[in-house]
Amino acid sequence: MSTRRHFTACPLDCPDSCSLAVDISDNKITRIAASSLNPTTQGFICSKVSRFANRVYAKERILYPMKRVGEKGEGKFKRITWEEAVQTICGELRKIKEGWGGEAILPYSYGGSNGLLAQDTVDLAFFAKLGASRLARTLCAAPTTEAALGMYGKMPGTAFEDYEHAKLIVIWGANPKASNIHLVPYLKKAKSKGAYIVVVDPKLNFSRKEIDLHLPVYPGTDLVVALSMIDFWYQRKILNSKFIKRYTKGIEVLLEAAQQFPLAKAARIARIDPRMIEKLAKRYALTKPAVIRIGWGLERNRNGGQAAAAILALPAVMGKFGLVGSGYTLSNSSAYRVDPHALVAAPSWNTRIINMTRLGRVLLEESDPPIRGLFIYNCNPVATVPNQKAIIEGLQRQNLFTVVSEQVMTDTAKFADIVLPAVTFLEQHEIKNGYGTYATQYLSPAIIPVGEAKPNEEMFALLGRTMGWQEPAFRATTGDYLARAVKSMAAFEPPLDLNRLRNEKIAVPDFKGGNPIPFKNVMPWTPDGKINLTPESLGDWPYHFSPQKQTYPLALISPATEKTINSTLAEFNLPALYVLVHPSDAVHRGLEAGGEALVYNDLGVVAATVRISDKIRQGVVAMPKGAWRKSSQNGYTSTALVPDHVSSVGGGACFNDARVEVERA
Ligand code: SF4
C-alpha cells in the first residue's frame, strides 16, 4: 500500500483558515491533521474537519449528475450523463428566459466554500450573460460589513497572535470555541499574564474560571449596551477628546444617540444588572492595551448594523489603538485588497437584486417576473435560511425548475430537478484568504475527484459553452482562474506569484513590519483616512434602537456549535436536535433534561430534546445552527421559527429576532 502526505488548506466558512496535512493511501484519505505552514493555526485543527473524510466517502455523496424521478423533496433520482444534465439545464434556462425574461432565474449561493474560485468567477459570467436576477448575500456579515466599511473602510483588525499582549479582552457576540478555535490559546496566554476577559453574549461558552465578567445581554440589545458605555464616559468627561478630534468625524450624532441610553435604562432593556455595564465601562476606560473580538452574533437582529457600529465606536471614542494587542477584530477579509473585476470578465449586470434571506417569500409570492428557475450551489437553504416552511413549500412548486450542485444529498438537493455532483475542497484547486488569520493559501487536490464531481468554475464554463457562448470566461481553465486570483490581490509586495504560491503554499500580506497594528502601521481605509462615527450606511436615523416585539415569551438564538460549519457536516455530526433552556425557564414549564419538547411560534413548530444549563441566560433558549431536517422528529429545525424580516442596515438575516414558547411534548 502506498502512503503519501499532501499539504493543502481549509477553505470552509471559518475565520481560521488552517493549513492541513492529509494522509492518503491508495488514493483514499486516511487522516486529516494540521500542518505547521500557517503559523497562527499552531498545529491543530477542529474535530469537524479532522473527520471530513466521512463526507468525502459518505453514502449520501452525490457521485454523478442525476434527474428527479420522484416527487419534489422525496429524494428519488436517476443517474444521467453530464451531457444530458447540461443540455437539460441549458434548455430549461433558455425556455425560462424566452418566456419570462432572464430575471425569472435566480442564482443562489453562499458560504459552502470561501475560496476565490468557488464563487463569483465563471458563475458570475454565466448568470450575467443570462440576465438573471442578482442575489444579495445577507445570511451573515452584511450588517457588520456595512458598519465596518462605512466607519473604518474595513481596515485590517488586530491579529489573533497579538491578543496575548492585551490586558483587557472583550469577546462580544462571538464563540471562539466553536468557530475560531485558534484564538483560544492566545486568550489563555493573555489570561495567564493577568489579562481581564469579558464575554458579552446571552450564552456563556466559556467556563467561569476562564473569564472574569459575563454580560448575558438579551438578544438584540447589544446596541443600547454599547451606547450606554459611551454615555457613561461622556457624562464623566473621560472620552479621549484628543484622539476623537484628530482621527474621527461624526461624533455629535453618536453622542446624541448615546445620551438616550443612560446606564440604568440600557441595563433594563438588556435585562442585566447595571453594575455589569458600569464595571465593563470602567475597566475599558482604565486598561490598555484593550481589544474587542467582535463576532456576528450581535448582528443577527433588526438593530444588527447599528449594534456593530456602536461597538466599533468604543475603541474610537477612547483611543484604544496604536499598541500591540489593542483595537478590535471583526472580519479581515478586505486585507488582501482583491479586485473582483480582475477575477472574471463578466458582462455588466444590472438586474433586480433579491435578498437571499427572503427566499421562501420570493418563491411563494408572485414577484415580477416570478422565479421560474433556481440554481443553487455552495448552499443548503432549507437548513440555513429563515422561514424554512415557506422555503420547503416554494421548492415544491411544480412550475419551478431547480438545479442543485452539491457534495452530498442535502435537505435542499432533495428538491432539485437536476442534481450535479460537486467536489469537496480535498478534490480541487483553490485559493483561500483567511478572514480571521492573515494568510493566502494554495489548495490542490489531495485525491482525484470522487465519482464525476466537478469544481464550480469547470461546471459553469461547461454550461456556458453548452449555451453556445463564445466569451473567454467559458473557455478559461482552472489554471487561468488561479493565475487571475493571484493577480487580483494588491496586498502583496512584491506582487504574489502563482508559481511561488504553488510551491510555498502560503503567503502573508505585508503590513510594513509584521502584523497590522491599527493606528500604528495601518490606518482607516476610508477616503479621508478618518474613522467616520456616523457613516451614511447607518441610514437616516443612525444608532436608532428598534425593539423586537415580544410576541412569545422566549428569545430563540441559533448560534454556531463545534459540530458543524454552517450546515456542512450536520448530516452526521448533529444527529439529534436539542433546545437549550435555563433551569428556571425549564422548571416553570415542567421541562426535564432529555425529555421531548415542542418549540413554537406563529411560523411553525419544532420538535427537540431538552437540555438544561445555566450557561444560557433566563428568557432565552438556543438551538444549534445548521441542523438538518432528519435531526428533528417533526422534520423542522430552528430556521422554521425565524422570521424573514431583515435588518435596516445591510438587509441582514435576523435569526435572533425569533420569539418562541417551549412546552413538553
Ligand atoms: S473549519 Fe476552521 S478550525 Fe476547522 S480546519 Fe477549517 S479553518 Fe481550521
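A word on bookkeeping: residues are numbered from 1 along each chain as its sequence is written. The model is predicted, so local features need pLDDT of at least 70 and side-chain atom pairs count only at pLDDT 80 or more, while totals for chains, interfaces and linings use all residues; side-chain values use heavy atoms, with hydrogens and water left out.

The space that the ligand takes up is the largest cavity. A cavity here is a set of points, on a 1 Å grid over the protein atoms alone, where a 1.4 Å probe fits but cannot get out, and a molecule sits in one if more than half of its atoms lie within 2 Å of its grid points.

Next come the strands, starting with β2 (residues 19–25). Helices (H or I, at least four residues) and strands (E, at least two) are DSSP runs numbered from the N terminus. Seven of the seven residues of β2 are buried, buried being under 20% relative accessible area, exposed over 50% and partly exposed in between (1.4 Å probe, protein chains only). In a regular strand the side chains alternate between the two faces of the sheet. In β2, Ser19, Ala21, Asp23 and Ser25 lie on one side and Leu20, Val22 and Ile24 on the other, and both faces are covered. Strand β1 (residues 3–9) runs antiparallel to β2 and is joined to it by seven bridges; pairing requires that DSSP find at least two bridges between two strands. Within this pair, His6 has Val22 as its bridge partner. β2 also pairs with β3 (residues 28–34), again in the antiparallel sense, over six bridges, and Ala21 stands opposite Ala33 there. β2 and β3 make a hairpin with two residues between them, and Asp26 in the turn has a positive phi of about 50°.

Strand β8 (residues 168–172) is largely enclosed by the rest of the structure, because five of its five residues are buried. Leu168, Val170 and Trp172 point one way, and Ile169 and Ile171 point the other. β8 pairs in the parallel sense with β9 (residues 196–200) over five bridges, and with β12 (residues 290–294), also parallel and over five bridges. Trp172 faces a residue in each of these strands: Val200 in β9 and Ile294 in β12.

An open sheet is built from three strands in the order β18-β19-β20, with antiparallel pairing. β18 (430–433) and β20 (506–507) are the edge strands, each with a single partner strand, so one side of each has no neighbour in the sheet. Four bridges connect β18 to β19 (residues 440–443), and Glu430 stands opposite Leu443.

Helix α10 (residues 251–258) has two sides to it. Ile251, Leu254, Leu255, Ala257 and Ala258 are buried. They sit on the same side of α10 because they cover an arc of only 160° around the axis, the arc being that of the directions from the helix axis to the C-beta atoms. Glu252 and Glu256, on the other side, are exposed.

Most residues other than glycine have a negative phi, and most peptide bonds are trans. Lys154, however, has a positive phi of about 55°; Lys154 is in the loop between α5 (142–152) and β8 and is buried, at 12% relative accessible area. Lys237 likewise has a positive phi, near 55°, but is exposed, at 73% relative accessibility, in the loop between α8 (222–235) and α9 (241–247). As for cis peptide bonds, one joins Lys288 and Pro289, with omega about -5°, and Pro289 lies in the loop between α12 (274–286) and β12. The bond from Glu493 to Pro494 is also cis, with omega near 0°, and Pro494 is in the loop between α19 (478–487) and α20 (498–504).

How values were computed:
On a 1 Å grid over the protein atoms alone, a cavity is a set of points where a 1.4 Å probe fits but cannot get out, and a pocket is an open set with protein on both sides within 12 Å along at least five of seven lines; lining residues have an atom within 4 Å of a point.
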